[in-house]
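The following exercises ask you to work through a two-part arrangement, each with a solution that goes step by step.

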Amino acid sequence: MDPTMTRLAEEEHPNKAFGWAARDSSGVLSPFKFSRRATGEKDVAFKVLYCGICHSDLHMAKNEWGMSVYPLVPGHEIVGEVTEVGSKVQKFNVGDRVGVGCVVGSCHSCDSCKNNLENYCPKSILTYGAEYHDGSITYGGYSDTMVADEHFIVRIPDNLPLDVAAPMLCAGITVYSPLRYYGLDKPGLHVGVVGLGGLGHVAVKFAKAMGAKVTVISTSPSKKKEALENLGADSFLVSRDQDQLQGASGTLDGIIDTVSAQHPLFPLLGLLKSHGKLVLVGAPEKPLELPVFPLLQGRKVVGGSMTGGMKETQEMIDFAAKHNVKPDIEVITMEYVNTAMERLLKADVKYRFVIDIGNTLKATTS
């Protein structure tokens, strides 16, 4: 490259960074040196201390959604401490505890953006593997530093530990938002949660904190004790047990369905009261069959929800801190990440992996 071009490139991207990246669809991650953009006038730069592992990271690393750009640095549950702020940043200072979730950019002018729903903006920019405004490709939180526009930065309350805060920036907002939007956040309502994994266990905790009665619905009878004793659910249904389903028919005001695998909706619709709402937050690869008669018989609704806007994400993290809602996590080292991905594929985690970036990333790349 021309020396002048090299110097210009360094001026535009002076923030040296390192992390772990997937190089191809094998999904195997390994150490990777790269550059973050210079901290702009509205940007916040922070040292990454923890990053949660989301199932999306696994899909993206292996290009299972056909949209991955390599090298790919995953991670959109990123928390740390501010190291630098741009001249026009108003909300944050050096030393603040902050986080970045699934989105780092949007158009700021569409109806969704005007209504604080940047996650639904047609031009929203994902935290990793997407093209940013300047034409560069975004890199995620499996890295030592992060730079983002202050609009997409979340303040982490002091009483919420950073390691448990990380998964809230994806898993937490993914279940909090539909509980709020679909009116399932009222004390005394009866809410069902389908699937007891990374999303489901947080949904149980949020719904309980909102004052709901919670029933966990699972294919695994072995999860009953965990649901009732450890997570605080009020009741448990085995979704393949017709007698149990019949006994609970018409008892739920709403259901948050977190399952990403193929599964029948008919039994779930039968559990809803009239005007009940079945909300899907999982993303099965193939279309689900939707029986219409149960919808007609009771004016029931099937809806969806995907993460949340920045205003609601801040509201969610503040609510979690106030009501002591914390995901159950397993903290791992950076070099364990490939093993963690293999375990995630087998659902062998309770319930969310979090990488200790601050203490272990440097040791594996120096």
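**Exercise 1.** Determine how much area is buried between domain 1 and domain 2, and which residues supply it on the side of domain 1.

*Solution.* In this predicted model, the area buried between domain 1 and domain 2 comes to about 860 Å², with carbon and sulfur atoms giving 49% of it. On the side of domain 1, Met168, Asp328 and Tyr351 together supply 64% of the area buried against domain 2, which is more than any other three residues. To place these residues, note that domain 1 is made of 15-168 + 328-356, whereas domain 2 covers 171-304. The C-alpha centres of the two domains lie 29 Å apart, and eight residues of domain 1 are in contact with 14 residues of domain 2.

**Exercise 2.** Describe the polar and charged pairing between the two domains.

*Solution.* Begin with the salt bridges, of which there are two between domain 1 and domain 2. Glutamate 226 forms a salt bridge with lysine 350, and their closest N and O atoms are 3.7 Å apart, which falls within the 4 Å cut-off. Finally, the residues of domain 1 that touch domain 2 divide into four charged, three nonpolar and one polar.

**Exercise 3.** Decide which stretch should not be read in detail.

*Solution.* The mean pLDDT of the protein chain is 93, and 95% of its residues reach 70 or more. Over residues 1-11, however, the pLDDT is below 50, and this stretch has two contacts in the model beyond near neighbours in sequence. Where pLDDT is low, predicted coordinates should not be read in detail.

Notes. Residues numbered from 1 in each chain as written. Predicted model: local features only at pLDDT ≥ 70, side-chain atom pairs only at ≥ 80, totals over all residues. Heavy atoms only, no water. Domains from an automatic or database assignment. Contact = heavy atoms within 4.5 Å. Buried area = accessible area lost by both parts, 1.4 Å probe. Salt bridge = Lys/Arg side-chain N within 4 Å of Asp/Glu carboxyl O. Polar contact = N/O pair within 3.5 Å; in protein donor to acceptor, adjacent residues only side chain to side chain. Nonpolar A, V, L, I, M, F, W, Y, C, P; charged D, E, K, R; others polar. pLDDT = per-residue confidence, 0-100.
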